[in-house]
Amino acid sequence: MTERSERHDRVFWSSLFSSRQDGIRWWWIAGALIVSAVPLLLAPGQLTTFVLLGLSAMAVVGLSLLMGYAGQVSLGQASFTAIGAYTSGLLALHHTPPLLALLAAPIVAALAAAGVGVPILRLRGHQLAFATLALQLILLSVLGDADWAGGAVGLQGLPYLSIGGFELDADLDYAYLVLAGVLLVSLIAHRLVRSRVGRGLRALATGETAAEASGVPVGAYRLLVFAVSAAFAGLAGGIYSFFLGYLAPGSFPVLLSIEYVVMAVVGGLGSIGGALLGAALITVVVQLLTTLATQPGMPSYAPSVLSYAVYALLLIAVVLFVPKGIVPTLRRSS
Amino acid sequence: MTAVPALLTVTGATRRFGGVHALRDVDLDVAPGETHAVIGPNGAGKSTLFKLIGGQLVATAGTIGYDGQRIDRLAPHRRARRGIAIAFQDSPVFGGMTVTENVMVGAHAVTRAGPVAAVLGLPRHRREEAEIRELAARALDRAGLTAWADRPADALPLGQQRALQVARALCGGPRLLLLDEPASGLRGPERSALAGLIEQLRGEGLSILLVEHDVAFVARLADRVTVLDLGRVIARGTFAEIRTDPAVITAYLGGPP
Ligand SMILES: Nc1ncnc2c1ncn2[C@@H]1O[C@H](COP(=O)(O)OP(=O)(O)O)[C@@H](O)[C@H]1O
Ligand SMILES: [Mg+2]
């Protein structure tokens with residue numbers, strides 16, 4: 001590297017990270033190293049939880065971008081997880097190489113979001129939330145009735161994913177695949193937010209009129225974040241389909257969309273670290289509750305009632321005590 | 001004035017809000033390099049006129065021509081791309097961003113790098129980022145905000161927030177700059193610094209449309225003045241001409257003299 005380009009690089013990096021953010025960057029690297037050792041220490045059942053956590057985290061990073069930067073709430077984000085999962089599943093069952101089937105998942109999810117986003121993003125606030133919720137209900141009923149999607153039974157007998165001749169047939173393989181996925185979406189989100197486009201997005205969150213008057217194409221950017229958030233959820237869905245090997249409409253309930261929202265809000269909107277922390281926290285809490293609710297003597301509806309109750313309580317607690325979410329609050333007070 | 005075609009031509013601009021006529025049949029033009037002031041009492045329709053030009057509001061009737069073409073159907077961000085920049089009277093700064101980042105948003109109109117270039121970290125993106133930083137640094141310097149560059153914008157005192165709007169508008173290197181009461185909330189020295197900046201910009205050949213209440217400010221800067229009252233043009237001319245105009249005196253004093 002020449003001296004000049006080295007200096008350019010340094011200027012570039014220091015422009016991305018002010019001195020305080022330098023510290024944050026080291027946190028990131030340390031965190032990633034620690035987390036990447038975790039799968040080795042987990043029992044088989046816990047590995048499944050770890051994978052599901054990572055998949056949620058991928059979707060939540062996208063949702064947090066959407067909610068934090070485009071100022072839009074999606075109550076149907078799991079639609080895109082479902083679209084990604086079914087895309088991978090259907091393609092793989094129709095003899096597409098599994099890796100290609102996986103790559104198609106985020107693309108189809110993003111295209112779907114772009115398609116529905118044009119009319120939906122004209123709506124504001126609660127209207128968008130309801131529209132996305134309606135979208136998911138429609139999608140679930142279509143999938144439940146469609147013969148080509150296996151109806152209510154769904155798709156079964158998916159092959160394992162294989163990458164360059166290496167077949168991912170153990171939970172541990174998927175744990176690392178998911179980690180790579182989380183890293184990828186976090187990096188994409190980070191670079192996007194720090195770029196010219198990201199500045200436009202952050203600007204329109206608090207000053208739409210002035211942003212637009214500065215040349216920010218507000219509608220196009222909103223659509224872009226919506227599509228990106230859908231792509232992240234879609235990629236998570238694609239990995240999910242290969243991990244479990246079967247899919248059904250019931251795997252993507254509205255409760256999953258709500259879980260995503262709670263994760264994003266608890267961690268802190270517009271914060272990548274917040275999205276990851278929120279996903280981890282909620283997953284662990286839900287896991288503990290499920291263990292509790294499936295004790296002998298508990299009614300069969302206990303798990304879902306308990307999770308709804310906990311989501312509600314957590315949302316209320318966050319709104320009351322840490323309205324910006326955990327990570328942004330910690331960052332501000334440090 | 002007839003030899004050079006106007007940069008901006010507003011013809012018959014009319015805007016109603018329900019029963020209220022905010023603007024009625026307003027004609028106005030800005031020649032290249034001209035500083036044109038729009039004055040009038042509160043509620044005269046000055047901000048509405050600016051929003052019609054910027055595209056934030058749609059006219060009930062009338063046309064807006066810019067650089068030889070009609071622009072009244074263009075979205076605001078497209079007008080910005082053609083070189084129209086506005087510092088609004090009542091717009092907040094972009095929250096959660098530093099002063100520099102706020103100003104960098106203003107460069108959007110003259111830059112192109114998209115999301116893919118940014119995510120892949122392409123050289124094109126890096127080059128443009130460096131360029132944007134430079135543009136922003138220059139705009140901050142001109143607006144006297146360099147000392148505040150790394151502060152959170154929402155923590156700025158009001159005067160600096162006004163200057164920040166001007167810096168953001170300048171950052172994209174506009175051809176036509178619209179300033180809606182840029183000096184309101186500024187104290188003496190800040191006010192004369194702003195007047196100095198506008199004078200400098202005029203010297204560089206920038207076309208400026210300016211709303212300002214401060215008479216001394218207008219007298220010093222404006223080549224021509226258009227006076228609005230209750231949505232209508234009641235006078236136009238040089239400052240010396242309009243200051244003695246009976247209609248203007250009536251409008252400002254309220255009632256017949
Ligand atoms: N969005 C709006 N809705 C309804 N009335 C408006 C709106 N904007 C401006 N008006 C009215 O239009 C008139 C002109 O307002 P404005 O252009 O802000 O005046 P100025 O900037 O000269 O003080 C006022 O009577 C104001 O109440
Ligand atoms: Mg006004």
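Which residues does A:Leu40 touch, not counting residues up to four places away in sequence? In this predicted model, they are A:Leu172 and A:Tyr176, where contact means heavy atoms within 4.5 Å. A:Leu40 is found in helix H2 of chain A, residues 19-41; helices (H or I, at least four residues) and strands (E, at least two) are DSSP runs, numbered from the N terminus. At 60% relative accessibility, A:Leu40 counts as exposed. The terms used here are buried for under 20% relative accessible area, exposed for over 50%, and partly exposed in between, with a 1.4 Å probe and protein chains only. Along the chain, A:Leu40 and A:Ala113 are 73 residues apart, and their C-alpha atoms are separated by 36 Å.

Residues are numbered from 1 along each chain as its sequence is written, and chains are lettered from A and ligands numbered from 1 in the order in which they are written. Because the model is predicted, local features need pLDDT of at least 70 and side-chain atom pairs count only at pLDDT 80 or more, while totals for chains, interfaces and linings use all residues; side-chain values use heavy atoms, with hydrogens and water left out.

The interior comes next. A nonpolar core is a set of buried Ala, Val, Leu, Ile, Met, Phe, Trp, Tyr and Cys residues joined through side-chain atoms within 4.5 Å. The largest such core has 120 residues, and those with the most contacts inside it are A:Leu65, A:Tyr174, A:Phe252, B:Leu8 and B:Leu209. A second, separate core has 37 residues, including B:Ala143, B:Leu156, B:Leu164 and B:Ala195. Returning to A:Leu65, its contacts beyond four places in sequence are A:Ala70, A:Ala189, A:Leu192, A:Val193, A:Val225, A:Val228 and A:Phe232.

B:Ser207 sits in strand S8, residues 207-211, and is buried, with a relative accessible area of 2%. Leaving aside neighbours within four places in sequence, the residues in contact with B:Ser207 include B:Leu7, B:Val30, B:Ala31, B:Pro32 and B:Arg175.

The two chains also meet each other. Chain B contributes 36 residues to the contact and chain A contributes 28. Together they bury about 2700 Å², 61% of it on carbon and sulfur atoms; buried area is the accessible area (1.4 Å probe) that two parts lose on being put together, summed over both. On the chain B side, B:His108, B:Val119 and B:Arg126 lose the most area to chain A, together 25% of what that side buries. Ten residue pairs between the chains are in polar contact, both residues being at pLDDT 80 or more. A polar contact is a pair of N or O atoms within 3.5 Å; within protein, one must be able to donate a hydrogen and the other to accept it, and residues adjacent in sequence count only if both atoms are side-chain atoms. Helices H2 (76-81), H3 (99-105), H4 (115-120) and H5 (123-142) of chain B each supply at least two residues of the side that touches chain A. H5(B) gives the most to that side, with six residues.

Side chains of opposite charge can pair when their charged atoms come close. In one, A:Arg199 meets B:Glu129 at 2.9 Å, N to O. A:Arg199 lies in helix H8 of chain A (residues 196-206) and B:Glu129 in helix H5 of chain B, so the pair joins two chains. A:Arg199 is buried at 4% relative accessibility, and B:Glu129 is buried at 9%. B:Glu101 forms a salt bridge with A:Arg202, the closest N and O atoms being 3.2 Å apart.

Within chain B, B:Glu190 and B:Arg187 form a salt bridge, with their closest N and O atoms 3.0 Å apart. B:Glu190 counts as buried at 18% relative accessibility, whereas B:Arg187 is exposed at 59%. B:Arg202 also forms a salt bridge, with B:Asp223. B:Arg202 lies in helix H7 (residues 188-203) and B:Asp223 in the loop between helix H8 (215-221) and strand S9 (224-229) of chain B, so the pair ties together parts that are 21 residues apart in sequence.

Technical notes: A salt bridge is a side-chain nitrogen of Lys or Arg within 4 Å of a carboxyl oxygen of Asp or Glu.
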